[in-house]
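Hi,

Here is the structure I promised to pass on to you.

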Amino acid sequence: MNVHVSPRPAIAARRFTLATDLDGTFLGGTDAERTTLYDWIEANRDTVGLIFVTGRDPEFIMEMCRECGLPWPEYVVGDVGTTIAHVREDGHVEPIPALEEDIAARWNDAGPRVRDALDGLPGLKLQPTAFRYRVSYDLTPLKYDNVAEARVEEMGLDWLISDNRYFDVLPKGISKGPSIKRLIAHLGIPEARVLCAGDTLNDFSMLASGLPAVAVGNSETALKSRLEGQGTVYHASAHGAAGILEAIAALDLHETPKGD
């Protein structure tokens with residue numbers, strides 16, 4: 001399968017790059033709003049770059065692109081920032097070793113230790129996917145015991161609760177924000193030409209990173225509260241995909257479809 005139909009300019013040479021979360025953000029809004037955004041991206045590939053920045057793992061992302069007709073990203077920051085990868089023209093994801101070495105070192109094969117330390121704690125159900133540099137749980141708020149947070153910190157690792165239903169254990173200092181900034185620097189993309197988009201607390205580090213950013217209209221209340229006073233963050237009224245286009249137009253990052 002050939003994802004890229006024709007050669008494109010290097011992503012650093014394009015006028016604008018969208019670095020977006022998926023669930024609730026790029027995948028948010030109505031069918032018509034998503035179609036408007038996706039068609040706009042495809043029509044402007046020579047001037048618009050696309051990076052997915054998500055808690056999802058790369059294989060799941062590629063499966064969604066194949067089955068749901070999403071625009072193909074050129075790079076992926078996946079697994080809540082613990083994967084940084086290039087999307088090849090054949091649709092396969094290729095981690096970038098130079099950007100992942102530090103992540104792997106900080107993780108130091110901590111998976112078994114984390115699973116043992118959190119085993120049996122109330123409100124946490126281990127997700128079955130064997131992630132490389134993180135351990136993730138489904139969280140039940142009414143049963144959750146925050147002793148899990150202390151145990152993670154004792155191991156020298158970070159924890160993250162997002163959407164009040166996910167609990168991630170991550171390498172110290174690694175999340176979406178540091179990883180997208182690392183990727184942008186590696187690619188030579190001017191920071192002023194990037195827009196980061198998100199809607200939940202696991203997007204906070206990305207939206208508060210100092211890069212131009214948008215919290216789409218359906219963002220969780222806790223995220224909106226933590227972003228108060230962040231001068232580089234645009235708070236959209238529209239939800240999901242429409243909120244992304246609203247921010248692109250409001251920040252004059254690129255021409256958008258008429259009416260957006």
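I161 stands opposite F167 in strand β9, and this pair sits where β8 and β9 (residues 166–170) run antiparallel, joined by five bridges. Before going further: this is a predicted model, where local features need pLDDT of at least 70, side-chain atom pairs count only at pLDDT 80 or more, and totals for chains, interfaces and linings use all residues. Residues are numbered from 1 along each chain as its sequence is written, and side-chain values use heavy atoms, leaving out hydrogens and water. Helices (H or I, at least four residues) and strands (E, at least two) are DSSP runs numbered from the N terminus, and two strands pair if DSSP finds at least two bridges between them.

β8 and β9 belong to an open sheet of four strands, ordered β6-β7-β9-β8 with antiparallel pairing. Its edge strands, β6 (124–126) and β8 (158–162), each pair on one side only. The twist averages 30° from one strand to the next. Helix α5 (residues 111–118) packs on this sheet and touches β6, β7 (135–139) and β9, contact meaning heavy atoms within 4.5 Å.

Next comes helix α6 (residues 147–154), in which A148, E149 and V152 are buried (under 20% relative accessible area, with a 1.4 Å probe and protein chains only). Seen down the axis of α6, the buried residues fall within an arc of 100° (taken from the directions from the helix axis to the C-beta atoms), so they line one face of the helix. Their cover includes α5, β6, β8 and β9. After α6 comes G156, with a positive phi near 75°.

There is also an open sheet of eight strands, with mixed pairing and the order β5-β4-β3-β2-β1-β10-β11-β12. β5 (93–95) and β12 (233–235) are at its edges with a single partner strand each, so one side of each has no neighbour in the sheet. Within it, β1 (residues 16–20) and β2 (residues 48–53) pair in the parallel sense over five bridges, and A19 stands opposite I51 in β2.

Finally, a helix pair: the axes of α2 (residues 31–43) and α10 (residues 240–250) come within 8 Å and cross at roughly 50°. The two are therefore oblique to each other (angles under 35 degrees count as roughly parallel, over 145 as roughly antiparallel, 65 to 115 as roughly perpendicular and the rest as oblique). E33, R34, T36, L37 and W40 in α2 meet A241, A242, I244, L245 and I248 in α10.

Happy browsing!

Key: Axes fitted to C-alpha atoms, helices over the stretch in contact; angles between N-to-C directions. Buried < 20%, exposed > 50% of the residue type's maximum accessible area, 1.4 Å probe, protein only.
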